[in-house]
Amino acid sequence: MEIKGFHIIIDAFNCKSSILNDAKELENQLNLTAERLEMTVLNRYFYSFQPYGVTGTLVLSTSHMSIHTWPEKNYAAIDIYTCGTKNPFLEVQNVLNFLGADYAVVHDVSRGEEYIANPSVRIIRKNGGS
C-alpha cells in the first residue's frame, strides 16, 4: 500500500448560508465529490448543530473528507485527504461552486514523503479565477 497522499485544505469564504446549514445537501455533495474522484466511501456521519452549523465526515478506503460550517459567518472548512491515484485538487472548483463561495484559500499538501517541498497555497476566486 502506497503511503503517498494528497491533502487539500480549503477555507471557503462568503458562502451561501442556506447551503452551509443543510446537512443532507452537504452530504450529497461530498458523496458526489468522492464518486468523481473514484473514492470508496466506507462510512459517513453528518450532524446539524442548533441553531445552525454542520459538521460532517466521509470515511474513505483511501482516507477521509470532512466539512465544518459556520453559516452565520458564511464560512466552511473542508478537508479532502486521499492516498488514491486522483489528486483531489481537481474537485476544488466544483465544491466552491456548490457552496457559492466568493473565494477560498486552498492549501495543497503532499503527505507521506520524508522530504516534502513547501505546500502550495492558492487563493481561488469565484468562477475559477486565482
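This is a predicted model: local features need pLDDT of at least 70, side-chain atom pairs count only at pLDDT 80 or more; totals for chains, interfaces and linings use all residues.
Figure 1. The protein carries 11 positive and 14 negative charges, and the mean position of the positive charges lies 5 Å from the mean position of the negative ones.

**Figure 2. Order of the elements and overall dimensions.** The protein contains 3 helices and 7 strands, and, read from the N terminus on, these elements follow one another as β-α-α-β-β-β-β-α-β-β. The radius of gyration of the protein is 14 Å, close to the 14 Å that the globule rule gives for 130 residues, so the protein is as compact as a globular protein of that length. Along the principal axes, the C-alpha atoms fill a box of roughly 45 × 35 × 20 Å.

**Figure 3. Helix α2 and its end.** Helix α2 covers residues 23–36, and because 14 residues at 1.5 Å a residue should span 20 Å, the distance of 20 Å between its end C-alpha atoms agrees with expectation. After α2 comes Glu38, which has a positive phi, near 60°.

Figure 4. Of the 130 residues in the protein, 39% are buried, and α2 contributes Ala23, Leu26, Glu27, Gln29, Leu30, Asn31, Thr33 and Ala34. In an α-helix there are 3.6 residues a turn, so residues three or four places apart point the same way. The buried residues of α2 pack against the helices α1 (17–20) and α3 (92–99), and also against the strands β2 (41–48), β3 (54–60), β4 (63–70) and β5 (75–82).

How values were computed:
Residues are numbered from 1 along each chain as its sequence is written. Side-chain values use heavy atoms; hydrogens and water are left out. Helices (H or I, at least four residues) and strands (E, at least two) are DSSP runs, numbered from the N terminus. The radius of gyration is taken over C-alpha atoms; the globule rule is 2.2 Å times the number of residues to the power 0.38. Buried means under 20% relative accessible area, exposed over 50%, partly exposed in between (1.4 Å probe, protein chains only). Lys and Arg count as positive and Asp and Glu as negative; His and the chain ends are not counted. The place of a charge is taken as NZ of Lys, CZ of Arg, CG of Asp or CD of Glu. The expected span of a helix is 1.5 Å times one less than its number of residues. Contact means heavy atoms within 4.5 Å.
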